[in-house]
Amino acid sequence: MRYAAGVDVGSTQTKAVIMQDDGKERKMIATALVDTGANVQKAGGNGFAAACKEAGIAAEQVGYVVGTGYGRYKIQFGNTQMTEISCHARGAHFLFPNTRTVIDMGGQDSKAISIGPEGNVLDFVMNDKCAAGTGRFLGNAADVLAMSLDDMGPFSLKGKNPVKITTVCTVFVESDILSYLAQGKKAEDVLSGVNLAIARRTVSLARRVPVEPAITMTGGVSRNVGMVKALEEVLGMTLQISPLAHFAGAIGAAMYALEKVNDSSEAGAVEGAHAANRGN
Amino acid sequence: MATGEKMEYRGQIHQLQKDMMVEWYQKLNESALTGKPPAVSLMISGNCIELLEAFDLLPLYPEVNALQLAIRRQSLEPILIAEEMGYATDNCAYVKADIGAMVKGITPAGGKLPVASLALCNFVGCNVYTKWFEHIAEFQKSPLFMLDVPFLRTDSPSKDDIAYVVRQLHDLVKELEKISGKKFDMDRFREAVRNSAKVEDLWSRIKHLSKKKPSPYDAYFDAISLMGPLYVYRANPRGVHFFEVALKEYEEMVARGQGPLEKEKYRVVLEGPPPYPFFRTFRDMFAKWGACAVASTYSTVGGLWEFGFRHDPAEPFEAIALHMIENNVTNRNYLQRYDQIRKYVDEWEADGLIIHFVKSCRLFSAGQGDMRDYFTKELGIPTLYLESDIEDPRYFSEAQIRNRMDAFFESLGHAPARTAAQLSAGRAGSGIPMVPVQSPKLRVLN
């Protein structure tokens, strides 16, 4: 029995996944989710330990660990690191093998990835120098409306007349929202307007890579049903979303790790990344 | 991140370049103290160093001063000074760094910089640059000479365009006679042009050496080091000597199968200037992946010689006009730049293209999103698009840029099958369909 782990240290949460290969089939046997907080290194370790506990195995039994996410270089117990772009692509492919485009919306990144039949990255685009169109934008909107992130999605679906959010700045969106509320607009209409504004921005970003079906959405924002609906409307296409979408980066990392455990002589991508990261 | 000092071989030519540039700054200091020789401020794009050489005038490149400040991590202070003076945040950071440094007497290499005896604006393709030279003239009380060089609107310049620039060059000669106190000597001018032609030939041969595998030098980072002597010493016998030494060194490296990196794993083409405040960090991001630039558009800002253009001593004024109008990347039209890059990827057999968008330079960067689309979607060339700035350290987000670079090279590593498929499906080179860029067929209305 072989085990491998993927640890995705994100800006807000750390996700860890354990994969198992019994020689016949590859299976995900555990997931863990912890807040990242200020101590990035500790968050990676905690996530990994929690996933091992969930799987009922000792850390030493894990043959290979791939770290990903912005905190990846701080995962000192891991064997190598890869970007979340490669890992989300591979993770989305694991969850839905028919995936050709990945839209990932996380805490401070939005990205669109065009992928090949094996889950390899063909092209990608990301938001640059601005967090508008990311989870942080929704977080700020939630703060103004004194609402939890989990409640936002279902609540926004009630909006029938979405307001037009003219700003796409994560800071100025707050004053925009307050101004609409002062005018007597309904909170659900404001939220649904926020979703549409983000969706338009994200779709214009995504169209810079070929947006080909099937499209899989990953990242924390995929849990927001209102945002998903807005994206589907603007795209004119449906999105595949797994209940494990939040873990796509960690899953992809674990898949690369498992390849490494299974084939120590592999001269492919993981080895390349490993060699490259030895310089860090 | 490992320190980059040991990550690549840099060769003896780098030391020689450093010595020559230090000497140039010493001459500028001497000029500042004694007024001799007089200095002329001019632009890199299509620079007419040959005319200055004919009068023993010293070139003073505000762009070089700005980049030297940035590479030494001294650019933010003068930028902030310029912003306090009223320059907008999104104004060209080269302009702000240079003006701020001029006002406060900050110099990149110590010593002093002279007041220009003439502010010679030889590139008017950028409106901000024309304002820059107006400001230099205003702040330094220097006379201003504005050369009106038409953009290259067609495949090649019209006779009228050339004659229009040549007439202005004759006017310029009269100004140079005044500030140098010397009579124009056609033989000396021809000699300067002859030196340039020799340098251009050597430089072009160096540019073609990077077709070898591995390339003996990095055609982005190392080429930038060679650009100093190319613009300051091109018309001088010392420039000829420098490029003879450089060519010899690189030919020897080719013979040994040696490149700047321990192992050349990826060959890339670079579009756009580097983020000078993070030059070392940026280079290390390539070295980490074994990526070597085999060609770059930035190294053709001062002149585009690898496709055959040389200054012709038989018609020296016309040669300078042709250099200014047609043979530097910034004065050419955008589709010609596409074609230049396509040739690089194809003939230099590159694995991908990296575009560095400069936040404070709309002239060079506008249209790069479309360029990315053309190379990825039309030609199927893996292309990475990065954003920061040439001069302003505030626009460089290291974690974001590193992430994109790592992802790009990971994806190149994941897709060997795709490259192989392209190789078999495409032409004999790197698998790029040979679809020529549709150059604009515009008619000049007289």
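**Notes on the model**

1. In α10(B), the residues B:G239, B:V240, B:F242, B:F243, B:A246, B:Y250 and B:M253 are buried, where buried stands for 20 or more other C-beta atoms within 10 Å of the residue's own, exposed for 12 or fewer, and partly exposed for what lies in between, with C-beta atoms placed from the backbone. Seen down the axis of α10(B), these buried residues fall within an arc of 160°, so they line one face of the helix; the arc is that of the directions from the helix axis to the C-beta atoms. On the other side of α10(B), B:E252, B:A255 and B:R256 are exposed. The cover over the buried residues includes α1 (11–34), α8 (186–209) and α9 (221–232) of chain B.

2. As to provenance, this is a predicted model, in which local features need pLDDT of at least 70 and side-chain atom pairs count only at pLDDT 80 or more, while totals for chains, interfaces and linings use all residues. Residues are numbered from 1 along each chain as its sequence is written, and chains are lettered from A and ligands numbered from 1 in the order in which they are written.

3. Helix α10 of chain B comprises the 20 residues 237–256, which at 1.5 Å a residue should span 28 Å, and its end C-alpha atoms are 29 Å apart, which agrees; the expected span is 1.5 Å times one less than the number of residues. Helices (H or I, at least four residues) and strands (E, at least two) are DSSP runs, numbered from the N terminus. Just after α10(B), B:G257 takes a positive phi of about 70°.

4. The largest nonpolar core holds 213 residues, of which A:A5, A:V17, A:I18, A:A254, A:A257 and B:V269 touch the most other members; such a core is a set of buried Ala, Val, Leu, Ile, Met, Phe, Trp, Tyr and Cys residues joined through C-beta atoms within 7 Å. Helix α8 (residues 248–262) of chain A gives the most to this core, with 10 residues. Leaving aside residues up to four places away in sequence, the contacts of A:A5 include A:V17, A:I18, A:F48, A:A254 and A:A257, a contact being a pair of C-beta atoms, placed from the backbone, within 7 Å.

5. Chain A is assigned domain 1 (2–90 + 247–277) and domain 2 (99–241), with bounds that come from an automatic or database domain assignment. The contact between them takes nine residues from domain 1 of chain A and 13 residues from domain 2 of chain A. The C-alpha centres of these two domains lie 27 Å apart.

6. In chain A, five strands form an open sheet of mixed pairing in the order β8-β7-β6-β9-β10, where two strands pair if DSSP finds at least two bridges between them. Strand β9 (residues 215–218) of chain A and β10(A) pair in the parallel sense over two bridges, and A:T216 stands opposite A:Q240 in β10(A).

7. Some backbone details deserve a look. A cis peptide bond joins B:K36 and B:P37, with omega of about -10°, and another cis peptide bond joins B:K213 and B:P214, with omega of about 0°. A:A146 has a positive phi of about 50° although it is not a glycine, and with 7 C-beta neighbours inside 10 Å it counts as exposed.

Technical notes
Contact = placed C-beta atoms within 7 Å.
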